[in-house]
Amino acid sequence: MAKKYSAKGSEKERIYIDADYDSYVKNDPLTYSSLLEQLVRKYPREKQFHLDFGGCLQDTDLPRAIVEYTKALELDPQFGPALNSLGLSYRKTGEYEKALEYYRRYAAVYPDATDPPESIALTYLRMGDLEQAQAYFDEALKIDRSSYWSHKGKFYIAALKQDYPEAKKWADHLVSPS
């Protein structure tokens, strides 16, 4: 079906639609990845293609994914999804200071979103710095009092600190947000 609709667009649009069709409808990650690789080669100035191709590589070739995310960021230094993806990639590699650098830049681009401070919090949590993690979860909760991930983070930190009354409070928020 996608091929029928994609025939009406430009070559670039057709390949991109076909790639998404192969990924989401046919559940064919190899063809999806191959089509995205074709797109980044044919259209190297399209930041979204580099971001999507990096996403394909995230679990199988993290160094190459970082290269693709970096290319997207070179095309647009304020491209929030690439900043976020680089932060996540560096957190996965254990390069926490690099992760924090990209997450802080991400926060500057999206100051009213909960995801950047939550990502920073999760990085501090991974580093074992519970106080900094808690501070950033608190920052996210100032933006959105109902943030599931911040409630979960606060629960987890309280449990790690063996502050079970506090953990119960945050667990209650998880099951019955107010």
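A: A salt bridge here is a side-chain nitrogen of Lys or Arg within 4 Å of a carboxyl oxygen of Asp or Glu. The model is predicted, so local features need pLDDT of at least 70 and side-chain atom pairs count only at pLDDT 80 or more, while totals for chains, interfaces and linings use all residues. Residues are numbered from 1 along each chain as its sequence is written, and side-chain values use heavy atoms, with hydrogens and water left out.

The side chains of Lys47 and Asp76 form a salt bridge, at 2.6 Å from N to O. This pair links distant parts of the chain, 29 residues apart: Lys47 is in helix α4, and Asp76 is in the loop between α5 and α6. Helices are DSSP runs (H or I, at least four residues), numbered from the N terminus. Lys47 counts as partly exposed, at 29% relative accessibility, and Asp76 also counts as partly exposed, at 21%. Buried means under 20% relative accessible area, exposed over 50%, and partly exposed in between (1.4 Å probe, protein chains only).

In α4, the buried residues are Phe49, His50, Leu51, Asp52, Phe53, Gly54 and Leu57. Their cover includes α2 (11-25), α3 (29-42), α5 and α6 (80-93); contact means heavy atoms within 4.5 Å.

Asp52 is buried but has no salt bridge, and the nearest side chain of opposite charge, Lys47, is 12 Å away. For charge, Lys and Arg count as positive and Asp and Glu as negative; His and the chain ends are not counted. The side chain of Asp52 does make a polar contact with that of Tyr16, at 2.5 Å. A polar contact is a pair of N or O atoms within 3.5 Å; within protein, one must be able to donate a hydrogen and the other to accept it, and residues adjacent in sequence count only if both atoms are side-chain atoms. Leaving out residues up to four places away in sequence, Asp52 touches Tyr16, Tyr32 and Leu36.

Gln58 lies in the loop between α4 (47-57) and α5 (62-75). At 11% relative accessibility, Gln58 counts as buried. The side chain of Gln58 has a polar contact of 2.7 Å with that of Tyr69. Beyond residues up to four places away in sequence, Gln58 touches Ala65, Tyr69, Leu88, Ser89 and Lys92. Gln58 and Ser89 are 31 residues apart along the chain, with 7.5 Å between their C-alpha atoms.

Key: Helices (H or I, at least four residues) and strands (E, at least two) are DSSP runs, numbered from the N terminus.
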